[in-house]
Amino acid sequence: MKTPVVSLENVSKNYKSLQALSSINLQLAQGEVLGLFGHNGAGKTTMMKLILGVISADAGDVTVMGMQPDNKSAWHMRAKMGYLPENVMFYEQLTGLEVLTYFARLKGQSKSHAKALLEQVGIAHAMGRQVKTYSKGMRQRLGLAQAFIGEPKLLLLDEPTVGLDPNATAEFYSSVDQLKTQGTSVVLCSHVLPGVEQHIDRAMIISGGKTLALGTIAELRAAANLPTQIKPQGLNGALLEDSMLKSYVNSAGHLTVPEQDKLKVLRHLLADESLNDIAVESANLEQVYQYYLAKTEQTKNTKAEA
Amino acid sequence: MREILTVANKEFQDGLRNRWLLSITLIFAVLSVGLTYFGAAASGAVGTTSLSTTIASLASLAVFLIPLIALLLSYDSFVGEQEGGTLLLLLTYPLSKNQLLLGKFLGQGGIIALATVLGFGSSALLLFIQNSDIAILQTFGYFILSATLLGLSFTAIAYMISLVASEKSKAAGVALITWFFFALVFDLALLALLVGAETGLSQTALTQLMMLNPADIFRLVNLAGLDSSDVNGALAIAIKANLTQSQLLMLLLGWVAAPLAIASIIFKNKKL
């Protein structure tokens, strides 16, 4: 097996009395895209800072491309890492091209490289304008261009699609897919967003500095064992009269079916002549996420009661 | 080195863009040319005044202005980037904290140094063309060198403030207090000590105390070589102490290096 690009082993980090991360384990392979989910204060940014080497872990080992990122000798490898921080305000009085050229030079790249990146993210037309005239979406694109400097082997993106319109979001995801085929590993740090699941290989859900779940979406969905929603049309209330289906009907008139009964119910429905359409929806990422959050809440509560 | 120069270049360009270089140069030029030609107006005459009077008046004005300008230019250098989020971003680049600090210092220090040379140099040149006395260039040379060092010293002090402060507005407040302390309070306190101390303060002790203030060292550098009839107050006594101009300049250089070193230590321990 190849050595992972990022490896966290039993990593913990405290800020004074606050435990920001505790016993985190993660291996990120080359060309893998990981979705890192959790709400504000869950420890997402702390984890990114640890991987970037801006802060050091209190316990455990952080290894990035075979080195400790907080060590001085690992600095040259930072040119191969791209980071998009959340809510970054670039130098307002500079033009987009000036900002990107500055950052490109710091990574040993040229002005023409900066120009090419501005074209790639679609703001080349505004590169001669001051950043203060940019819209939220344009600033976000500039930030992305900044993260893409030097064809990084590892990309850490904090809320990359905030402020992007649907078109730009689609373009962004296609850039991620493209980078992935070039062998770039990506950590997408985000609140759960619709559409993100097709672009990530694995998801990691954290809360309160602890890992709640880590695996492919299919694995997480299977482990959560969330029911499938089935929405048949054309049955005209026959559902409630059917002895087999009756128990699955929910308040909206749809069927909520556990994974193991899904096929049985579908066959039963398809046998009905009056059925003219059917929609089957597996639990989406958001529901999986909610499930894991709710589960920890429950264990916390039971612990408190005990 | 490439990293330091990249940062320095950006900071220098910022100084040009924000018209800092232009306005500081203009202030210094107007001041020095004005004092050179009209310094004697108070005594009823217009025309160039004596070199020592000119330098004495220039020094006593510059000692207020230069620290204020340097603090204004640099107080938000780090805290501003911290608020914007670019400081964290820069530190994820292949760029050490010291390289960032030195780069900023080179860039912003370059603005101050260039403005000092151009601004005060212009009147030195004017005087020299009129009188063609080599002593003018020498005296102004010391003045410009010490003024630059004074500016750099307060740039480094501004970095300390900028690295400690958590907000831009707080940094501005602290910078103002710092200026007030070094430019005014310190000398008043010295005077009070001089007058109030029963046994009287020895000349050496007084001079040693003055070494604790870069602004006072600057004054001493420029007044030491002059006719002491143009100088009065606590300074006149201190001047008689036997420190050479080059020793004083070395001390001023120490006042550049020390705050810079402290800023580096603060930066190293700064939480992000």
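## A first look at chains A and B

B:Met1 is exposed, having 8 other C-beta atoms within 10 Å.

A word on the model before we go on. This is a predicted model, in which local features need pLDDT of at least 70 and side-chain atom pairs count only at pLDDT 80 or more, while totals for chains, interfaces and linings use all residues. Residues are numbered from 1 along each chain as its sequence is written, with chains lettered from A and ligands numbered from 1 in the order in which they are written.

Chain B has 12 helices and zero strands; helices (H or I, at least four residues) and strands (E, at least two) are DSSP runs, numbered from the N terminus. Of its 272 residues, 44% are buried. Two residues are in contact if their C-beta atoms, placed from the backbone, lie within 7 Å. Among the contacts in chain B between residues at least 6 apart in sequence, 81% join residues at least 24 apart.

Now to chain A, and its helix H2. All 11 of the 11 residues of H2(A), 96–106, are buried, so this helix is largely enclosed by the rest of the structure. The cover over these buried residues includes H3 (111–120) and H4 (136–147) of chain A, together with H1 (2–17) of chain B. After H2(A) comes A:Gly108, with a positive phi near 75°.

Where do the chains meet? In all, 19 residues of chain A are in contact with 16 residues of chain B. H2(A) gives the most to the side of chain A that touches chain B, with three residues. That side divides into 13 nonpolar, three polar and three charged residues. (Ala, Val, Leu, Ile, Met, Phe, Trp, Tyr, Cys and Pro count as nonpolar, Asp, Glu, Lys and Arg as charged, and the others, Gly among them, as polar.)

| Strands of chain A | Sense | Bridges |
|---|---|---|
| S3 (33–37) and S8 (202–207) | parallel | four bridges |
| S8 and S9 (210–215) | antiparallel | five bridges |

A:Gly35 stands opposite A:Ala203 in S8(A), and A:Ile206 has A:Thr211 in S9(A) as its bridge partner. The hairpin of S8(A) and S9(A) has two residues between the strands, and there A:Gly208 takes a positive phi near 55°.

How values were computed:
Buried ≥ 20, exposed ≤ 12 C-beta atoms within 10 Å, placed from the backbone. Pairing = 2+ DSSP bridges.
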